[in-house]
Amino acid sequence: MTKTESVTVPSVAARKGGERLTMLTAYDYALARLADAAGVDMVLVGDSLAMVGLGQRDTLAVGLDAMVHHTRAVSRGVERALVVADMPFGSYQACDADAVRGAARLLAEGRAGAVKVEGGERVLGRIEAIVRADIPVMGHIGLTPQSVARMGGFKVQGRTAWAARALLDDARRLEDAGCFALVLEAVPAPVARAATAAVGIPTIGIGAGPHCDGQVLVTHDVLGLFDRFAPRFVKRYAELGQAATQAMAAFCAEVRSGAFPGPEHSFTMDAAELRAAGLEMPDGE
Ligand code: KIV
């Protein structure tokens with residue numbers, strides 16, 4: 001696949017064991033354009049929107065309407081990457097019909113190419129229903145932030161023999177349920193490696209070590225735009241938050257001193273028209 005060809009669900013699935021896949025989050029048009037221009041394979045409209053975009057303390061507080069709204073903005077900014085949209089908490093837990101309707105909205109209104117659903121065995125029926133409706137599903141196991149209440153916090157998963165085996169079972173079941181790819185979040189590297197070997201679909205790791213078929217991070221973390229906390233698995237590739245604060249402070253200082261706006265930022269007017277209006281030319285113009 002050339003770098004300008006659109007990334008599709010089949011082209012992602014075909015990358016199993018091949019060139020590593022990349023996925024970054026975006027919640028709006030501007031960041032989506034930047035991520036797409038950078039050449040990421042997938043742009044994830046994650047429900048991390050709730051935390052890094054909306055200032056909530058977990059991901060539970062963002063609903064389907066908001067996810068559709070942000071997905072639509074992201075899709076407008078993406079030309080090449082596959083847009084994957086998170087099914088938010090509460091949009092699929094109750095019944096298959098809710099799950100299919102919600103996923104369909106993310107594709108039809110949000111223009112996503114696929115949805116992501118958190119959970120293993122407990123949500124297999126929902127995933128099968130969505131897949132039967134011809135909507136591609138990316139699975140997500142390990143640390144599933146929507147389960148924060150049950151997990152008692154954002155904790156590494158699969159660290160005991162029993163939990164590691166359960167995670168591998170979930171990975172296989174999600175493949176059987178029809179997922180085209182699988183996010184593994186915050187699991188020990190050897191467990192992620194075994195899960196990657198156990199399934200024929202690509203695994204996308206976040207805090208899951210180097211053996212996955214791809215990696216995903218939250219863009220606000222990558223760019224240094226979010227500093228409330230940083231999980232160990234985050235790598236900051238830039239400090240744009242500091243640069244942004246400096247630029248905003250420079251704006252404030254120049255407005256207060258009168259240095260901004262300068263003549264190059266202002267509009268002039270024909271002198272005769274000005275005189276006819278009974279107005280004066282400002283000093284120096
Ligand atoms: O919501 C999100 O951003 C995610 C990624 C961290 C995988 O689910």
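Mentor: Begin with the ligand. This is a predicted model. The residues around the ligand are Thr25, Leu44, Gly46, Asp47, Ser48, Asp86, Lys116, His140, Ile206 and Val218.

Trainee: How many residues of this shell are nonpolar, polar or charged?

Mentor: Sort them by class. Three are nonpolar, four are polar and three are charged.

Trainee: Which side chains place an N or O atom by an oxygen atom of the ligand?

Mentor: Look for pairs of N or O atoms within 3.5 Å. In the side chain of Ser48, an N or O atom is 2.5 Å from a ligand oxygen. For Lys116, the corresponding distance is 2.8 Å. Asp86 also has a polar side-chain atom, 3.2 Å from an oxygen of the ligand.

Trainee: What about the backbone?

Mentor: Most peptide bonds are trans, and most residues other than glycine have a negative phi. Look for exceptions. The bond from Phe260 to Pro261 is cis, with omega near 0°. Pro261 lies in the loop between helix H11 (240-257) and helix H12 (271-276). Arg111 has a positive phi, near 65°. Its loop runs between helix H5 (96-108) and strand E4 (114-118).

Trainee: How is the chain divided?

Mentor: Check the domain bounds. Domain 1 covers 9-238 and domain 2 covers 243-276. Their C-alpha centres are 44 Å apart.

How values were computed. Residues are numbered from 1 along each chain as its sequence is written. This is a predicted model: local features need pLDDT of at least 70, side-chain atom pairs count only at pLDDT 80 or more; totals for chains, interfaces and linings use all residues. Side-chain values use heavy atoms; hydrogens and water are left out. A residue is near a molecule or strand if one of its heavy atoms lies within 4 Å of it. A polar contact is a pair of N or O atoms within 3.5 Å; within protein, one must be able to donate a hydrogen and the other to accept it, and residues adjacent in sequence count only if both atoms are side-chain atoms. Ala, Val, Leu, Ile, Met, Phe, Trp, Tyr, Cys and Pro count as nonpolar, Asp, Glu, Lys and Arg as charged, and the others, Gly among them, as polar. Domain bounds come from an automatic or database domain assignment. Helices (H or I, at least four residues) and strands (E, at least two) are DSSP runs, numbered from the N terminus.
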